[in-house]
Amino acid sequence: MAPGANTKEAEELAALARQKNLRTMVGLQRRKSPAYLYMRELIEQGYVGPVLSVNMTLMNSGVLTRPSDRTWQRDVTLGANTLTITFAHVLDAMCMVVGELTELSAIVSTQVPQWFETDTKKYVDVTSPDNIMVQGRLENGAVVNACCGVQPYHGSGHRLEIYGKEGTLAMIGGGEGGEERSRKVMGGHKDDKALQELPVPERFTWVPPAVRDSGASYDVGQMWVKFAEAIRTGSTTDPQFPDFDHAVRRHRMLDAIVRASQTGQRQKVV
């Protein structure tokens, strides 16, 4: 996530953008994923009724060996790791769908403290986290369980489950950026026998077929379409458009997660 490797840098860049009256965008592209946008709309329309609880998991396969030009990510102070990238993307998308966290408890852990460099044949120490577990409460009172890990082998992927008084919504698959084709939205009301697939309406897709077929660039393409539109029209009315100020908000949430883990105490999210 950008801008900035930390909250201070993000705040400075956001202030500069406001001072110069610049239109800005940050790479939280899942906010323009058709599947996530459709889930948000369904929640707003009351598909599940009042949201009671949310369960989100993303378990990816990891690596224990890397060439030396890729082990720079081992340093947590550089700001590019499982917490700030892998987890931050899906957590931001979850918040877009169901609302913001107001308080949380967390564990942020480095379960694999060394990586092996394949070219230097050396082990290097790792301070970047590879497992994050968060429990919290949303603005509407719903409770959240969110877990993300980068394990060595056979990650089970992504799942977002939303439970309400009137029904259930779930997204299965598509944990990595751009994996729109593997994202499947499932839903069911209280009297349904089982969840069934809810096809995502075409109106949520803005990129041309060539971009849809390209895989990883899908979500990013969706973002760029709306960014270009905002520049042409001067519009700032889209609440789901992540700008530099939004990046500051996400950095502060990540700070709260780290504080909760370090102190063992529940933190307010501001």
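Two residues are in contact when heavy atoms of theirs lie within 4.5 Å. Keep that in mind for this predicted model. A142 sits in the loop between strand 6 (131-138) and strand 7 (143-151). Leave out residues up to four places away in sequence, and A142 touches V51, L52, S53, G136 and R137.

Is A142 buried or exposed? A142 has 0% relative accessibility, so A142 counts as buried. The cut-off for buried is under 20% relative accessible area. Now compare sequence with space. A142 and Q222 are 80 residues apart in sequence, and their C-alpha atoms are 30 Å apart.

## The whole protein

The protein has six helices and twelve strands. Its C-alpha atoms fill a box of roughly 55 × 50 × 40 Å, taken along the principal axes. What radius of gyration would a compact globule of 270 residues have? The rule gives a value near 18 Å, and the protein has 19 Å, which agrees.

Buried residues make up 48% of the 270 residues. Among contacts between residues at least 6 apart in sequence, 72% join residues at least 24 apart.

## Strands 3, 6 and 7

Strand 6 pairs with strand 3 and with strand 7. Strand 3 (residues 101-109) and strand 6 are antiparallel, with eight bridges. Strand 6 and strand 7 are also antiparallel, with seven bridges. Follow V134 across the pairs. V134 in strand 6 stands opposite A106. In strand 7, V134 has A146 as its bridge partner.

Strand 6 and strand 7 form a hairpin, and four residues lie between them. In the turn, G141 has a positive phi of about 95°. A142 is found in this loop too. In a regular strand, side chains alternate between the two faces of the sheet.

Three strands make an open sheet, in the order 2-4-5, with mixed pairing. Which strands stand at the edges? Strand 2 and strand 5 (122-125) do, each with a single partner strand, so one side of each has no neighbour in the sheet. Strand 4 (residues 114-117) and strand 5 run antiparallel and are joined by four bridges. Here W115 stands opposite V124 in strand 5.

T71 touches both W115 and V124. T71 lies in the loop between strand 2 (65-66) and helix 3 (82-98). Its relative accessible area is 1%, so T71 is buried. Not counting residues up to four places away, T71 also touches R66 and E117.

## The nonpolar cores

In soluble globular proteins, nonpolar side chains tend to be buried together. The largest nonpolar core here has 47 residues. F87, I162, L169 and I257 touch the most other members. Helix 3 gives the largest share of this core, eleven residues.

What does I257 touch, leaving out residues up to four places away in sequence? The list is L83, F87, L91, L104, A106, V108, I132 and V134. A106 and V134 are the pair that stand opposite each other in the strands. There is also a second, separate core of eight residues, including A14, A17, V26 and F244.

Helix 5 covers residues 218-233. At 1.5 Å a residue, its 16 residues should span 22 Å; the end C-alpha atoms are 23 Å apart, which agrees. Its buried residues are Y218, D219, G221, Q222, M223, K226, F227 and A230. An α-helix has 3.6 residues a turn, so residues three or four places apart point the same way. Just after helix 5, G234 takes a positive phi of about 75°.

What covers the buried residues of helix 5? Helix 2 (34-44) and helix 4 (209-212) are among the elements that do. L37 lies in helix 2. L37 has a relative accessible area of 11%, so L37 is buried. Leave aside neighbours within four places in sequence, and L37 is in contact with R31, K32, M96, F204 and W206. L37 and G177 are 140 residues apart along the chain, and their C-alpha atoms are separated by 15 Å.

Terms used:
Residues are numbered from 1 along each chain as its sequence is written. This is a predicted model: local features need pLDDT of at least 70, side-chain atom pairs count only at pLDDT 80 or more; totals for chains, interfaces and linings use all residues. Side-chain values use heavy atoms; hydrogens and water are left out. Helices (H or I, at least four residues) and strands (E, at least two) are DSSP runs, numbered from the N terminus. The expected span of a helix is 1.5 Å times one less than its number of residues. Buried means under 20% relative accessible area, exposed over 50%, partly exposed in between (1.4 Å probe, protein chains only). A nonpolar core is a set of buried Ala, Val, Leu, Ile, Met, Phe, Trp, Tyr and Cys residues joined through side-chain atoms within 4.5 Å. Two strands pair if DSSP finds at least two bridges between them. The radius of gyration is taken over C-alpha atoms; the globule rule is 2.2 Å times the number of residues to the power 0.38.
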